[in-house]
Structure formats: structure tokens, C-alpha cells
Amino acid sequence: MKFYKEKLNCVARSLSGGERDNMENRRKDRYWKAASSAIAAKVRRQLKATGTSRVMLAEKLGVTPANITRYLNGSTNFELRTLVELERALDLHIIDRSVVPVNHDNVITLEVKYTINSSEVNENVLNTSIFDYA
């Protein structure tokens with residue numbers, strides 16, 4: 001029984017400052033690492049679909065094959081330039097550009113139809129009215 005208590009005390013000890021910092025850094029980095037992993041998976045799928053090798057992609061991008069390996073390992077903090085170059089080299093959509101607000105003057109046509117009894121008809125009543133709103 002004493003043996004288990006010693007193990008429990010060893011496992012249940014307080015975290016050191018370095019361990020606590022490492023844990024906090026992992027917690028902070030989890031969102032961009034998840035995004036990086038998703039991008040890497042998308043690039044790997046596109047490479048496989050097009051039959052492009054890592055060496056061929058490296059030549060297109062003007063980087064070393066080791067860089068491509070780092071991109072595809074899922075923990076690279078990509079620069080925007082790198083993402084755009086990957087998109088162009090692989091004819092792939094990575095960045096959602098629809099998040100940039102675009103001001104369009106959309107015209108909405110509203111058509112209102114109504115019917116009336118023939119006894120209510122006079123020269124001021126129209127059967128159909130169309131309104132344009134910009």
C-alpha cells in the first residue's frame with residue numbers, strides 16, 4: 001500500500017513554473033495549430049489528387065523540399081504570402097476572401113399584386129405596383 005501512495009504523491013505533485021508555462025503555451029497555440037493542421041491536410045489531398053510530388057511543389061514555390069515537409073507536418077505558423085503562393089501553385093482555395101466587406105448596390109424588386117371587387121374600381125386603383133429599393 002505504501003508503494004501506491006508514493007506513486008500517487010509523485011503524480012499529484014504541484015506543477016513547476018516551467019511545466020505551467022509549457023501548459024499555458026500549448027493552450028494558447030491550439031487554435032492556430034489546428035488551423036495549420038487543416039491547411040496541411042488540404043494541401044496533402046491536393047498533392048495526391050494532382051499527382052504532384054513534394055519536390056515538384058518545392059520547385060514551383062522556390063523553396064527546399066524540407067520547407068514543404070515542414071508545411072505538411074501540420075504545425076507551421078504560415079505567413080499569408082506562403083498561403084497565397086500555395087494556392088497559386090496548387091490551384092487550391094485556402095483563404096476565405098468573402099470575409100472582406102464588399103459594398104454592392106443591390107436592387108431589390110418587390111412586386112405586390114392584389115385583387116379588388118369590381119364595385120371598388122376607379123381610375124386611381126392599379127392592379128400591380130412595382131417598387132425598387134436600392
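Helix 2 (17–50) and helix 4 (65–72) each contribute at least two residues to the lining of the largest cavity; helices are DSSP runs (H or I, at least four residues), numbered from the N terminus. The model is predicted: local features need pLDDT of at least 70, side-chain atom pairs count only at pLDDT 80 or more, and totals for chains, interfaces and linings use all residues. Residues are numbered from 1 along each chain as its sequence is written, and side-chain values use heavy atoms, with hydrogens and water left out.

- The whole structure holds 1 cavity of 30 Å³ or more, a cavity being a set of points on a 1 Å grid over the protein atoms alone where a 1.4 Å probe fits but cannot get out.
- The volume of the largest cavity is about 40 Å³, where volume is the space filled by probe spheres set on the points, joined across faces, edges and corners.
- Its lining (residues with an atom within 4 Å of a point) consists of Ile39, Ala40, Val43, Leu57, Ile68, Tyr71, Leu72, Phe78 and Leu86.
- By class, this lining has 9 nonpolar, no polar and no charged residues; Ala, Val, Leu, Ile, Met, Phe, Trp, Tyr, Cys and Pro count as nonpolar, Asp, Glu, Lys and Arg as charged, and the others, Gly among them, as polar.

**Charged contact**

- Glu24 is partly exposed because its relative accessibility is 31%, between the limits for buried (under 20%) and exposed (over 50%), with a 1.4 Å probe and protein chains only.
- Arg27, at 38% relative accessible area, is likewise partly exposed.

Definitions and conventions
On a 1 Å grid over the protein atoms alone, a cavity is a set of points where a 1.4 Å probe fits but cannot get out, and a pocket is an open set with protein on both sides within 12 Å along at least five of seven lines; lining residues have an atom within 4 Å of a point.
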